[in-house]
Amino acid sequence: MKGIKAKKTGMGLLALVLCGTAVLSACSEQSEPSKAGESSPAVSGDKYASLPKEISGSIYDRGQVATGEGTYEDNRWTKYINDNSGVKVKWVPIPRNQEADKFNVLIASGQAPDMLTTFNHDFIVRWANEGAIQPLDGYIEKYSTSYKKYLKEHPELKPYLTLDDGKMYAIASMRPTRANTAIFIRQDWLDKLGLSMPKSVDDLIAVAKAFRDKDPDGNQANDTIPLAMSTSYNAITDDWFMARSAEWFVENGKTVQSFFIDRYKDALNFRQLAYKENLVDKEFATDKEFSRQKQLWTTGRSGIFFSNINMDNTFNDLKKNNPNAKIAVVPPLSTKYGTNGYQLEVPNHLLTAFNKDMKNPKAAIEFVDWMLDNGWKPLTYGTEGVHYKLENQIPVTTDSDKWKKEVSYAGEYRVVQQEQMTPQSLITQAGTDPVGLEFAKLKGDIINYSNTVKFRKDIPYVPSVAEYSAISGQFEAKWKEIITRMAMTDSMTADTAVTEIRKAWDSLGGDGVTAKVQAWYDANKDKLK
């Protein structure tokens, strides 16, 4: 990758990394991947063969391990992995909404796990540039059977795993579905108030105001908060206006951050309007874990829920509290710019990088092969005869409550997997469970919307530009603070907010970064189509 250089730093390393601008020391010769067929010059045969098959790996902590199931570090599924994979894995939980800070601290202190797993492609670029992770091509070629074959069967993955030096720095499998974000609405509330399904953002605002004022839950109290929308799902409102925060767009052949496109001001204005008109929870900005917004939705105090396709547990909780609640998916909404679809994710699922200090990459590759072959299935469906039964080779859940408690969190351990979701497979998998079947149909609607309404994404993944990766963490903290402040006050306009964001961008050398991204785009645009 152009710009990826191994650099040495002095005593200031920790402070630099914590600021998001760290450059870690170079990989040692001992950590470089062997070329296929090579053996260690010091030891005949494979230098990793005699090492214990032990590795460590990060895992997202979403607080979903139920009481009685243990912890993310130790539960029935960590035991299953260690008993069946042939590799002993120590898991390091990473809070989902704190991953940037947590990874920075672990890397800076030399305590990062062997496998670093993230959804954030920008992290992979940054870690590679800092020398914190290492290329995987040699390991895959020498030690893998299943994953090597899988890459040949799915060549569309390679651009998302390969950086500009032509080497792979991450392992990933295909997503179960590329559908992701969605807005859910109480269809029974629409029916009660004689309202139609919103088709535009203006329609949604009108419906939200009706939910606020007309007591759709019939409790004779003025306590409805129409929109359950944490800062985690601001992206949905950005997408309405084709201006997702921090995304790169191409306007007339020029790369530009979304903040500096006029469309972005409309997204800011919506957020301010929603707050001013009491359409959202006044505490949404501090709801970092999204827990309060989920509670508003599941207890029936909110009628419009900004979420994603994987809200199975939240849906189940809502139906337990209100079995008669009827839910629908809001179709992609139009604005004066047209209709943008729901987010269509990149093909790859989780990205897993190898720490430069990993002691046994052979064991890690063997673990990946095992997970891809068989390990992912119980982590997805549970145990046959306990959590599911097979019908036409499709796992059908037999007890949704038992699956929720004992299996739902297990998907976090799937470094790679081969699950594929289609509207029909989801319905079949739900079996005869009425709640599971209802949500399966909603998931199918999201997938269909994602497949039929185009989602604008000018550049499919974060540009592999070291200069951008070096400042993105600091810049993100600044723009998030600015847009949250703007949403919660009348004194700050969208123009003022964008001016502040521009100052933050300029203070980090943004113009120079934009020039680098432009050069990268010009060199790669034919491959990005």
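I take buried to mean under 20% relative accessible area, exposed over 50%, and partly exposed in between, with a 1.4 Å probe and protein chains only. Helices (H or I, at least four residues) and strands (E, at least two) are DSSP runs, numbered from the N terminus. This is a predicted model, where local features need pLDDT of at least 70, side-chain atom pairs count only at pLDDT 80 or more, and totals for chains, interfaces and linings use all residues. Residues are numbered from 1 along each chain as its sequence is written, and side-chain values use heavy atoms, with hydrogens and water left out.

**Entry 1: strand 12**

I looked up strand 12 (residues 351-354) and found Leu351 and Ala353 pointing one way, Thr352 and Phe354 the other way, and all of them buried. In a regular strand the side chains alternate between the two faces of the sheet. I count two strands as paired if DSSP finds at least two bridges between them. Strand 3 (residues 115-118) runs antiparallel to strand 12, joined by four bridges, and Leu351 is the bridge partner of Thr118.

**Entry 2: Pro347**

Next I checked Pro347, which sits in the loop between strand 11 (338-339) and strand 12. Is Pro347 buried or exposed? With a relative accessible area of 8%, Pro347 is buried. For contact I use heavy atoms within 4.5 Å. Leaving aside residues up to four places away in sequence, Pro347 touches Leu157, Tyr160, Ser173, Met174, Arg175 and Arg178.

I then traced an open sheet of four strands, in the order 5-8-4-9 with mixed pairing. Strand 5 (227-228) and strand 9 (327-329) are at the edges with a single partner strand each, so one side of each has no neighbour in the sheet. Two bridges pair strand 5 with strand 8 (residues 304-308) in the parallel sense, and Leu227 stands opposite Ile304. Helix 12 (residues 291-298) packs on this sheet, touching strand 4 (181-186), strand 5, strand 8 and strand 9, and its direction makes about 125 degrees with that of strand 8. Helix 17 (residues 434-452) also packs on the sheet, touching strand 4 and strand 9, at about 15 degrees to the direction of strand 9. My axes are lines fitted to C-alpha atoms, for helices over the stretch in contact, and angles run from 0 to 180 degrees between N-to-C directions.

**Entry 3: helix pairs**

Helix 16 (residues 423-430) packs against helix 17 at about 170 degrees, with the axes 8 Å apart. That angle makes helix 16 roughly antiparallel to helix 17, because angles over 145 degrees count that way, under 35 as roughly parallel, 65 to 115 as roughly perpendicular and the rest as oblique. From helix 16, Pro423, Leu426, Ile427 and Ala430 take part, meeting residues of helix 17 including Leu437, Ala440 and Ile447.

I also looked at helix 11 (residues 262-276) and helix 18 (residues 466-487), whose axes come within 8 Å and cross at roughly 50 degrees. Helix 11 is therefore oblique to helix 18.

**Entry 4: cores**

A nonpolar core here is a set of buried Ala, Val, Leu, Ile, Met, Phe, Trp, Tyr and Cys residues joined through side-chain atoms within 4.5 Å. Which residues of the largest core touch the most other members? Trp127, Tyr147 and Phe367 do, out of 65 residues. Helix 14 (residues 361-381) gives this core its largest share, 11 residues. A second, separate core has 53 residues, among them Phe184, Ala274, Trp297 and Phe439.
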